[in-house]
Amino acid sequence: MFISLVLFLGFWAFVSLPSLVLAQPPLPVSLTIFYGQGCPHCAKEKLFLDQLENEFSNLKVRRLEVWYNVANANLMSQVGQKMNLSVSGVPLTIIGNQAITGYQDSQTTGAQIKQLVIAYSKEGCSDVVGEILGETTVETDSKACPETSAVTPNKVINIPFFGSVDFSSWSLPVLTIVIAGLDSFNPCAMWVLLFLISLLFGLADRKKMLILGSAFLLGSAASYFLFMAAWLNLFLFLGFIYFLRIGIGIFAIGSGIFYLREWYKTRDAGCHVTNDNQRKKIMEKTRQILAQNSFWLAMLGIMALAFVVNLIELVCSAGLPAIYTQVLALAKLSPLQYYLYLLLYIIIYILPSLIVFIIAMTTFRAFGFSTKYARWANFIGGIIILILGFLLIFRPGWIMFG
Amino acid sequence: MKVKFFTAIWCPACIVMRYRWEKIRSQYPELETIYFDYDNDVEPVKNYDIGKTLPVFIFIDNDGNEISRLVGEIDKHDLIKQIEAHKER
């Protein structure tokens, strides 16, 4: 009997030991959410965190708004630097030394956050944001945590008959193709290509024609890529500055109205003659370049001409690339992905020019797209830019892809 | 009737209309077309007050008077209607 009692108590003590350990008060856990006022994903996560705070008394949640609050935006950048993260999107959740970018729902991202809260309640973990704020010190608060990693949940939505669709993976490519397609029908730099083709017809050597025409297209594509990369890097560098986003939003609305006005004004669908002196100068320069004795100098000259023309004409079509790069900057992408999107934009942008050139070189006759396309591109582009402008100002979370 | 056709080498709408006009002209061999380049033919551009939208078709009667003008990209149907209305003048 006594032996049985000892064995029973021994067994009870053995199986109860972990729960006795667990019964110890949970360790304090700090969680910080960087959110944007008006961002729908942030609002969802904040609701979830309210519930989580009720469930875990040891959980302390810092809610820091970054779109309107410059100090909080700077703090988010500091956290990003410390954790070696790209902090281009909200909501950004920092728990211990873990970073979670984006929020889907309580079943996915929410569950992930809850798991971390449970784990850190038992094991403890340093509070990176608290350390930066000086609320906790590295010496007293640092605990061994899993390695820092950014977790980006997929925005998967189940659509009947189509199954699971990851919107974050297709909406940005579609937007890229649509905006670049609309931009490509902007005839700003097209006139120089048509003029160049007419001069190339005068060359006897077909190979030279092909190389010089291709040099112009390549120069145009490269210069446009560089301009867009510069826009993008500027927006990435400046990050989530509230006034910048509002400024771009207002610019987008202005551009949208301008494009719609152009659509309305150009009902006769023709070529509109503007800036006679500048056009004549460019035409004369093109003639001079092609009259060069050295083929290589002519080729370099054509590339330089393409660069200058695109620089001059950039004012004519700055709206679409500037707004597109701002939307791109809002997406949470790797540097390679950013540049691949720019490349996709450039390929679509240059396509009509390429078609014009190929048809002209094949048929030896000038070819041009009807200006009616450009007119309707102004209409559709105007509406899209107008919508993007309003979203940038009032609902930036809706256009945060990736 | 004569048609004075003002175009520019760099203008896509002019290229589109040149092909369209060539097709129409084959149906009306009696129609005389005189081509002008916006950048090279400065005097006619000035005299006819071409304006800032290209291409421009000016229909001239046998006495040299302007009958009508069409500006921009014009439908084939509208061009034929114009020719049919004035071809005897």
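**Figure 1. Salt bridges in the predicted model.** This is a predicted model, and over all its chains you can count 13 salt bridges. Side chains of opposite charge can pair when their charged atoms come close. One of the 13 salt bridges is the pair Asp127(A) and Arg62(A), where the closest N and O atoms sit 2.7 Å apart. Asp127(A) is in the loop between helix H4 (109–123) and helix H5 (128–133) of chain A, while Arg62(A) is in strand S2 (residues 59–65) of chain A, so this pair ties together parts that are 65 residues apart in sequence.

**Figure 2. Where chain A meets chain B.** Let's move to the contact between the chains. Chain A brings 22 residues to it and chain B brings 19 residues. The size of an interface is often given as the accessible area lost when the parts come together. Here, chain A and chain B bury about 1900 Å² between them, with 58% of it on carbon and sulfur atoms. On the chain A side, Cys271(A), Val273(A) and Arg365(A) lose the most area to chain B, and together they make up 29% of what that side buries.

Figure 3. Which parts of chain A each supply at least two residues of the side that touches chain B? They are helix H8 (190–200), strand S8 (271–272), helix H11 (276–290) and helix H15 (371–394). Sorted by class, the side of chain A that touches chain B has 10 nonpolar, six polar and six charged residues.

Figure 4. Strand S8 of chain A pairs with strand S3 (residues 53–54) of chain B in the antiparallel sense, over two bridges. Zoom in on His272(A) and you'll find that its bridge partner in S3(B) is Thr53(B).

**Figure 5. A disulfide from chain A to chain B.** Over all chains, the count comes to one disulfide. Cys271(A) and Cys11(B) are the cysteines it joins, with an S to S distance of 2.2 Å. The pair crosses between chains, running from Cys271(A) in strand S8 of chain A to Cys11(B) in the loop between strand S1 (2–7) and helix H1 (12–27) of chain B. Why is the disulfide right-handed? The torsion about the S-S bond of Cys271(A) and Cys11(B) is about 90°, so the disulfide gets that label.

Figure 6. Most residues other than glycine have a negative phi, and most peptide bonds are trans. In chain B, though, a cis peptide bond joins Leu54(B) and Pro55(B), with omega at about -5°. You can find Pro55(B) in the loop between S3 and strand S4 (56–60) of chain B. Over in chain A, Phe364(A) isn't a glycine, yet it has a positive phi of about 60°. Phe364(A) sits in the loop between helix H14 (335–363) and H15 of chain A.

Terms used
Residues numbered from 1 in each chain as written. Chains lettered and ligands numbered in written order. Predicted model: local features only at pLDDT ≥ 70, side-chain atom pairs only at ≥ 80, totals over all residues. Heavy atoms only, no water. Contact = heavy atoms within 4.5 Å. Buried area = accessible area lost by both parts, 1.4 Å probe. Helix = DSSP H or I, 4+ residues; strand = E, 2+ residues; numbered from the N terminus. Nonpolar A, V, L, I, M, F, W, Y, C, P; charged D, E, K, R; others polar. Pairing = 2+ DSSP bridges. Disulfide = S-S within 2.5 Å. Salt bridge = Lys/Arg side-chain N within 4 Å of Asp/Glu carboxyl O.
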